[in-house]
Amino acid sequence: MVETIAARAEDLRAQIRYHSHRYHVLDAPEISDADYDRLVRELQGIERDHPDLITADSPTQRVGAPVSELFAPVRHRQRMFSLDNVESIAELEAWEKRMARQLEEDGSGYVCELKIDGLAVSLTYESGVLTRGATRGDGVTGEDITANLRAIDAVPLRLLGDSPALMEVRGEVYMPIPAFEKLNERQAVDGGRLFTNPRNAAAGSVRQKDPAITASRSLSIWVYQLGLVEDGPSFGRHWETLEYLRDRGLRVNPASRAVADLESVERYVRGAQEGRHRHDYQTDGVVVKLDDLSSQRTLGFTAKAPRWAVAYKFPPEEQTTTLRGIEINIGRTGAATPFAVLEPVFVGGANVGMATLHNEDEIHRKDVRIGDTVIVRRAGDVIPEVVGPVPSLRTGDEQVWHMPSVCPFCGRPIVRPEDEKVARCTGGLECPSRLREWLAHFASRGGMDIEGLGYKTIDLLLGEKLISDPADIFFLESGDVLQFEGWGEVSVGNLLAAIDDARHRPLHRFLVALGIRHVGGTVARLLSREFGDIDRLLDAGEEELAAIDGIGPTIAASVRDWASNSENRRLIGRFREGGVQLADEQAGGGSAALEGLAVVITGTLSSLGRDEAKAAVEVRGGRVTSSVSRKTTVVVAGESPGSKLTKAEEMGVPVIDETKFIQLLEEGPAAVGLG
């Protein structure tokens, strides 16, 4: 039995060394952080129960990563420890109890800091001047990356104010998410290597032989710890050191908080986990530190971690699994969108069996093949996506995928127009998938906003042949639906009332709902203001349309093409018969309803693209700015808002959601309390 356990321990050590090298040195991991942590935890458990099996070279007896041969080694003046992890409130409470047993008196307070998913570094300042920067490495010896750290604008070359003779600080270099996305876009265009996540991108960018490359990568840093200090001030609490570092011009995360007790720590952890996607950087947990420095010294360190600090890890958002197959969806415009069929995996707090693959070019660019082990990411409510394959795990049986030539729903050809990335079904509304998606779009909040007419109801109505196009919705009667199980007089009455409300939507909402290609919210508003009713719009020539400021030839051609289709003309007639309002009461001209308003938009809006939202504000006389200031009138917070939301809340700037934003556009500032 002991021999079996010893063999397992040695196998775990070999696996951990292998994956640690791929992660820290090659920046090319094969498994998720969660899988790696599980290996380490299993080995720690074996060594805890069988101390005689601990070896001097065990990964549990060292800190961090091996030192790369690309840079000169640097011996840290003070050892850089890693942190022990906890993954539940119960484990956090157990950590607190262990500390309490070792301290004769209460440590009185904690500091909570977001755990940044980046690269740990140390910065050494002599008389306020940056003289050395290094990676953590194995904790004792790191890599000299001074030249590269000097290339990061967020790293001060000289500190502010009076500075000690020698000061070493620790921080985390990271790549903001927008910078990561732009980097991968550039890499794709140049045929370069794509990074799987911002952490790997940051590590790869810092460890470049050419500092100019590092400088081009838009890296930043959060400083979180004061290390060695000579001839400088003394402190009693960790929070005081953070304030001191901030005053010296170093970037200390404003999300950090000093709290009184463990109950407050738990509230911070819950809030941080719920808001982890509001930032423009990746955070994978919360670091909790005992605030009192005297108590920290009393507790000391284990072989690899401080006893006075711990990292509360959030559930992993990336996992590896097997790509079983690739299938396609057909959207309302005919776009054929591939998606991954996966071996189900628990990631981001949910079981995931499917994930997006965007388009065929993206599949080939990432070189994703059926049968691959792939990295799957699910962040918050964002649709799961396949980040990329793990090529080193291929067996040779994987299959390259190509877009099918015929639609699986209607059998019509799938073609890819020249100069477009998207292949499309040519079946029109004969394709049941296109019809279903169009109906869902028509009834959505961004369209005619028909509450209760979701996919489930649409499938029922289509299946029973009660509707065959959007106009049929306005001819439904109570008896049509009452016959079905689950539908009573109240639910049917609510649906018909919602349909009746939709008859009176503004013209621009109707235009969006029609699904004319290139006609989103902003374009629809421009068209409705210019023409005022659907008949005038349908009769407008292409040149007349293109002459409208903000339209242009591509949109004009698309609108004219739609209007020239006899079936579409027949459909408009059916809407008119169904009592749908096809003209606004007043037409023409722009509006000055938002004149003088300064608007900041953060996050993703479901009904408007960023450019459309900006245009919608500007056409009403307002302006959209990129940063929050005292001059900002209102911040619009969409899905997954960034740090702008936090800044707005700190500055007391009004914040509204997407629904209120649409109301602001349609009814003016007073409708949302800004008048």
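Contact here means heavy atoms within 4.5 Å. The model is predicted. By the contact rule, Gln-15 touches Arg-8 and Leu-39, not counting residues up to four places away in sequence.

**Gln-15**

- Gln-15 belongs to helix H1, which covers residues 2-25.
- Its relative accessible area is 27%, so Gln-15 is partly exposed.
- A polar contact of 2.9 Å links the side chain of Gln-15 to the side chain of Asp-11.
- Gln-15 and Ala-258 are 243 residues apart along the chain, and 39 Å separates their C-alpha atoms.

**Glu-318**

- Glu-318 lies in strand S12, made up of residues 318-330.
- With a relative accessible area of 16%, Glu-318 is buried, because buried means under 20%.
- The side chains of Glu-318 and Asn-197 are joined by a polar contact of 3.4 Å.
- When neighbours within four places in sequence are left aside, the contacts of Glu-318 are Ser-32, Thr-196, Asn-197, Val-347, Ile-375, Val-376, Arg-377 and Val-387.

**Nonpolar cores**

- The largest nonpolar core has 54 residues, of which Ile-450, Phe-510, Leu-527 and Phe-575 touch the most other members.
- Two or more residues of this core come from each of these elements: helix H12 (432-443), helix H13 (455-463), helix H15 (489-502), helix H16 (507-514), helix H17 (521-531), helix H18 (534-539), helix H20 (552-563) and helix H21 (566-577).
- Leu-527, one of the core residues named above, is in contact with Leu-511, Val-519, Gly-532, Leu-537, Leu-545, Ile-548, Ile-551 and Val-559, leaving aside neighbours within four places in sequence.

**Cavity**

- The structure has one cavity of 30 Å³ or more.
- The largest cavity holds about 30 Å³ of space.
- Its lining consists of Ala-336, Asn-359, Glu-360, Met-403, Arg-416, Lys-421, Val-422 and Ala-423.
- By residue class, the lining of the largest cavity comprises four nonpolar, one polar and three charged residues.

Notes:
Residues are numbered from 1 along each chain as its sequence is written. This is a predicted model: local features need pLDDT of at least 70, side-chain atom pairs count only at pLDDT 80 or more; totals for chains, interfaces and linings use all residues. Side-chain values use heavy atoms; hydrogens and water are left out. Helices (H or I, at least four residues) and strands (E, at least two) are DSSP runs, numbered from the N terminus. Buried means under 20% relative accessible area, exposed over 50%, partly exposed in between (1.4 Å probe, protein chains only). A polar contact is a pair of N or O atoms within 3.5 Å; within protein, one must be able to donate a hydrogen and the other to accept it, and residues adjacent in sequence count only if both atoms are side-chain atoms. A nonpolar core is a set of buried Ala, Val, Leu, Ile, Met, Phe, Trp, Tyr and Cys residues joined through side-chain atoms within 4.5 Å. On a 1 Å grid over the protein atoms alone, a cavity is a set of points where a 1.4 Å probe fits but cannot get out, and a pocket is an open set with protein on both sides within 12 Å along at least five of seven lines; lining residues have an atom within 4 Å of a point. Grid points are joined across faces, edges and corners, and a volume is the space filled by probe spheres set on the points. Ala, Val, Leu, Ile, Met, Phe, Trp, Tyr, Cys and Pro count as nonpolar, Asp, Glu, Lys and Arg as charged, and the others, Gly among them, as polar.
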